[in-house]
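Biologist: I am new to this structure and would like to learn how to read it. Please take me through it one feature at a time.

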Amino acid sequence: MANINVMDLIYWKDTERTGVVFTGLVVGLLSLFQLSIITVVSTISLGVMCFTVSVRLYYKILQVLNMGDGVHPFKAYLDLDISFSGELADQYTQKTIVTIVSAANSLKNLFLVGNLFDSLKLLALMYLVTFLGDLCNGLTVLIIAVITLFSLPLFYKQHQAKVDSFFAGIQAKIDNVMDILHRIAQGGGPNPDPTPGGAKPKTQ
């Protein structure tokens with residue numbers, strides 16, 4: 001059995017498998033609105049166990065009645081190798097440590113105003129997030145994130161040219177505004193006249 005690829009799930013290459021994962025995530029998160037996480041996890045585990053035990057007993061009965069070959073119904077999943085080699089584990093550990101240290105350094109520079117312009121952008125972002133917090137809680141944001149994860153990549157893949165063109169225009173305008181703000185923050189003025197010697201007065 002092939003290993004489950006996260007990108008295949010996101011891009012709906014296996015519609016049935018992606019549907020099960022997507023539905024399970026959304027239903028599980030929605031359940032947290034009414035139930036505690038302990039209740040949700042235990043209920044889901046109970047449902048899965050009831051299903052697997054029932055299927056296992058059914059195949060066992062078929063074997064006793066000589067109506068089946070006695071093959072374990074979940075053999076393909078039991079044989080699936082999900083272990084990491086020592087080298088691969090070290091590689092992931094090093095990547096995790098580097099990511100954590102890099103994130104810590106970035107946060108340090110932002111909160112201690114290593115770069116005034118970047119810190120002001122974070123300040124504006126945090127201010128906007130406070131309004132988001134008034135509108136919805138973290139669980140709602142998480143549900144929206146899951147739905148977005150399973151919809152936007154596929155939408156982008158199907159309409160890549162139009163989306164790239166749209167965002168290229170927006171990025172150009174943003175870069176222009178950011179450049180102006182950056183020059184103002186640095187105490188600069190408008191761009192210098194590219195004409196050698198500057199602009200010359202017109203003769204009458």
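Biologist: How many of the residues count as buried?

Modeller: The model is a predicted one. Burial is judged from relative accessible area, and a residue counts as buried when that value is under 20%. Of the 204 residues in this protein, 9% count as buried. The protein exposes about 16,600 Å², and carbon and sulfur atoms supply 68% of that area.

Biologist: Which kinds of element does the protein have, and in what order do they run?

Modeller: The protein has 9 helices and 0 strands. Read from the N terminus on, the order is α-α-α-α-α-α-α-α-α.

Biologist: What do contacts say about residues that lie apart in sequence?

Modeller: Take the contacts between residues at least 6 apart in sequence. In this protein, 48% of those contacts join residues at least 24 apart.

Biologist: How do I read a pair of helices, and at what angle do α2 and α7 cross?

Modeller: Each helix is given an axis, and the angle is taken between N-to-C directions. Helix α2 covers residues 15–31 and helix α7 covers residues 138–149. Their axes come within 10 Å and cross at roughly 170°. An angle over 145 degrees counts as roughly antiparallel, and α2 and α7 are therefore roughly antiparallel to each other.

Biologist: Which residues meet in that pair?

Modeller: From α2 come F22, L25, V26, L29 and L30. From α7 come L139, L142, I143, V146 and I147. By class, the contact of α2 with α7 has 10 nonpolar residues, no polar and no charged.

Biologist: V27 is also found in α2. Is V27 buried, partly exposed or exposed?

Modeller: V27 is partly exposed, because its relative accessible area is 45%.

Biologist: What is the N to O distance between D14 and R17?

Modeller: The side chains of D14 and R17 meet in a salt bridge at 4.0 Å, N to O. D14 is partly exposed, with a relative accessible area of 34%. R17 is partly exposed as well, at 29%.

Biologist: Where do R183 and D179 lie?

Modeller: Both lie in helix α9, residues 160–185. They are 4 residues apart, about one turn of the helix. D179 is partly exposed, with a relative accessible area of 35%.

Biologist: Now a single residue. Is S119 buried or exposed, and why?

Modeller: S119 is buried, because its relative accessible area is 11%. S119 lies in helix α6, residues 116–135.

Biologist: Which residues does S119 touch?

Modeller: Residues up to four places away in sequence are not counted here. With those set aside, S119 touches N109, L110, V113 and G114.

Technical notes. Residues are numbered from 1 along each chain as its sequence is written. This is a predicted model: local features need pLDDT of at least 70, side-chain atom pairs count only at pLDDT 80 or more; totals for chains, interfaces and linings use all residues. Side-chain values use heavy atoms; hydrogens and water are left out. Axes are lines fitted to C-alpha atoms, for helices over the stretch in contact, and angles run from 0 to 180 degrees between N-to-C directions. Helices (H or I, at least four residues) and strands (E, at least two) are DSSP runs, numbered from the N terminus. Angles under 35 degrees count as roughly parallel, over 145 as roughly antiparallel, 65 to 115 as roughly perpendicular and the rest as oblique. Contact means heavy atoms within 4.5 Å. Ala, Val, Leu, Ile, Met, Phe, Trp, Tyr, Cys and Pro count as nonpolar, Asp, Glu, Lys and Arg as charged, and the others, Gly among them, as polar. Buried means under 20% relative accessible area, exposed over 50%, partly exposed in between (1.4 Å probe, protein chains only). Accessible areas come from the Shrake-Rupley method with a 1.4 Å probe; for residues, only the protein chains shown count as cover.
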